[in-house]
Amino acid sequence: MFGSLVDAPVNSPHLRRSGSRAVVSDIGTVELGGSPVEALLHSIEVNEMKGVTAPLSTAAIMPSPVLLWRFKVLLFLIWGVSCCKISWDSVMRMSANLRDLFLYEAFLYYNPLLLMTMMVWFWGINLWVFAQANVNYSKIFDLDQNHLSHREIWKCATWMTMIVPTSMTAYLYLYSHGEVSLAASQPVLLYAAFAMALIFPFDIFYLSSRYFFLRTVWRIVFPFQAISFADFFLADIFTSMSKVFSDLERSVCRMVHRQVATIAWFEADSVCGSHAVAIPIVLVLPYLFRLFQCLRQYKDTKEKTTLLNALKYSTAVPVIFLSALKYHVFPDNWVNIYRPLWLLSGVVNSLYSFYWDLTRDWDLSCFTRIFKFSRPNALSYLLYGRKWVYFWVIGTNLILRCTWTYKLSSHLRHNYLTVFAITALEIFRRFQWAFFRVENEWNKMNSKQNIQLSTIDKPNDEQKLLDPNGYSV
């Protein structure tokens, strides 16, 4: 009896030395010493017997965020240098006579998307500043809980920054190496990809945000309902991008008529030429949309200031169409009659728009917040805080308002690099404008809430008479 084996549980305390602990595995609990190394080795052996690999620590697998960020920056730099090198070599392969015309055509297809990318980057900066200043922009624009943050906006802008130059590099490379048909397909595929990404009906790639954007565009084009802040805010941005829309129309026209990577469009009087009637029509559409919004606001509110705002947008119409008349009238009539009228209308439009920005959109004037910083607003306190910033914004707004007339005039659009620079500066002006416009709307909303709260807190005379705890009458 004493010589027989005694069955004891493997986790019995009598089978373990003092200070040791049982290691529990899928097979059971086994006797190990107190060394953690022995426990780890036994666990690995058991997992190998079962064909299972022991999981490693997540911190040991994932690289540090700083290292990952540096790696991304390195890849981005390599990509940028490669695109520049390939594009330069491709352009240098062409003859000098063909080079300028070809660059003008390539620039026409890709500069609208580059400017859109720039606008997306700026909008991400706007949202970041609003978030830092505790400005509830989701409430101002009536956004849902799934709205995009500044990080997601920047992510979209990053992809746009990489895709558009890559397609342009492929276009230059293929055309310079004789692959004309493949080169012509590059801008077509790019435009189709952007259109599909915007209207894709499935729940991927920020469906709710894309739906909100498309719905707002629909409300801008057809203002059959009350105008919200998001409606006229986006419509104002569209006025700054009127040249972008005009170039998009020119590009799509050439794609539809199969004139990409050909010389058919060099004729100015052709369907897609530089003298086409569609150019001033597309340029004026954003201003007409905004004008109709003002008329709709007057119908709903009966405020006369909305009519004055509508008058401001109507002043852009003669600037656009008088410029387009240069190609359809005799030169003497243009010099003696239409060009002075065009200059006058340009001055009126620039000064009227500048005045409206300061006194209405921004609620700034020389006798209010510019010289009074004792009570800075939330966004003013965070961003500006110094008088010179207000002078900078007002000065640049005036200058860029005047130069924007250059962009609205189709007869001054031959130097495409100058036109691109002025359009980029106009987008930058709108980027600055957005800070003050949203801040002004946020202050109005807060003041209305304070008035409502004060009205609720102060009972009227009838409530005082009926209140038993109030005055005795």
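Me: Which residue forms a salt bridge with E426, and how far apart are the closest N and O atoms?
Reply: E426 forms a salt bridge with R429, and their closest N and O atoms are 2.9 Å apart. This is a predicted model, and the values discussed here are computed from it.

Me: Where do E426 and R429 lie, and how many residues separate them?
Reply: Both E426 and R429 belong to helix 17, at a separation of three residues, about one turn of the helix.

Me: Are E426 and R429 buried or exposed?
Reply: E426 is buried, as is R429. The cut-off for this term is under 20% relative accessible area.

Me: How many salt bridges does a search of the whole structure find?
Reply: The search finds 11 salt bridges. One of them pairs D357 with R429, with the closest N and O atoms 3.4 Å apart. This pair links distant parts of the chain: D357 is in helix 14 (residues 331-361) and R429 is in helix 17 (residues 416-457), 72 residues apart. D357 and R429 are both buried.

Me: Which residues are linked with R429 in a network of salt bridges?
Reply: The network of salt bridges links R429 with D357, R401 and E426.

Me: Which salt bridge does D361 form?
Reply: The side chain of D361 meets that of R437 in a salt bridge, at 3.8 Å from N to O. Here too distant parts of the chain are linked, with D361 in helix 14 and R437 in helix 17, 76 residues apart. Both D361 and R437 are buried.

Me: Why does the pair of F102 and Y171 tie together parts that are 69 residues apart in sequence?
Reply: The reason is the placement of the two residues: F102 lies in helix 4 (residues 96-132), whereas Y171 lies in helix 6 (residues 150-176). F102 counts as buried because its relative accessibility is 2%. Y171 is buried as well, with a relative accessible area of 0%.

Me: Why is the pair of F205 and Y206 described as tilted?
Reply: The ring centres of F205 and Y206 are 5.6 Å apart and their planes stand at 40°, so the pair is tilted. Planes under 30 degrees apart would count as stacked, and planes over 60 as edge-to-face. F205 counts as partly exposed at 46% relative accessibility, and Y206 counts as partly exposed at 26%.

Me: Which residues do ring pairs link into a cluster?
Reply: The cluster consists of F122, F130, Y137, F428, F431 and F435, linked by ring pairs.

Me: Over which rings do the charged ends of R360 and R430 sit?
Reply: The charged end of R360 sits over the ring of W356, at 5.5 Å from its centre. For R430, the charged end sits over the ring of W433, at 4.4 Å from its centre.

Me: What is a disulfide in general?
Reply: A disulfide is a covalent bond that joins the sulfur atoms of two cysteines. The structure holds one disulfide. It joins C253 to C272, with an S to S distance of 2.0 Å. C253 is in helix 10 (residues 242-256), while C272 is in the loop between helix 10 and helix 11 (278-301), so the pair links distant parts of the chain, 19 residues apart.

Me: Why is the disulfide of C253 and C272 called left-handed?
Reply: The torsion about its S-S bond is about -80°, so the disulfide is left-handed. C253 counts as buried at 9% relative accessibility, and C272 is buried with a relative accessible area of 0%.

Me: Are C294 and C402 buried or partly exposed?
Reply: C294 counts as buried, at 0% relative accessibility, whereas C402 counts as partly exposed, at 39%.

Me: Which residues form a nonpolar patch on the surface?
Reply: The patch is formed by L68, F71, L74, L75 and I78, which together have about 460 Å² of accessible area. L68 is found in helix 3 (residues 65-92) and is partly exposed, with a relative accessible area of 35%.

Note on methods:
Residues are numbered from 1 along each chain as its sequence is written. This is a predicted model: local features need pLDDT of at least 70, side-chain atom pairs count only at pLDDT 80 or more; totals for chains, interfaces and linings use all residues. Side-chain values use heavy atoms; hydrogens and water are left out. Patches are made of residues with over 30% relative accessible area and no salt bridge: like charges are joined within 9 Å, nonpolar side chains (Val, Leu, Ile, Met, Phe, Trp, Tyr) within 5 Å. Accessible areas come from the Shrake-Rupley method with a 1.4 Å probe; for residues, only the protein chains shown count as cover. A salt bridge is a side-chain nitrogen of Lys or Arg within 4 Å of a carboxyl oxygen of Asp or Glu. Helices (H or I, at least four residues) and strands (E, at least two) are DSSP runs, numbered from the N terminus. Buried means under 20% relative accessible area, exposed over 50%, partly exposed in between (1.4 Å probe, protein chains only). Rings of Phe, Tyr and Trp (its six-membered ring) pair if their centres lie within 6.5 Å; planes under 30 degrees apart count as stacked, over 60 as edge-to-face and the rest as tilted. A charge sits over a ring if NZ of Lys or CZ of Arg is within 6 Å of the ring centre and within 35 degrees of the ring normal. A disulfide is a pair of cysteine sulfur atoms within 2.5 Å.
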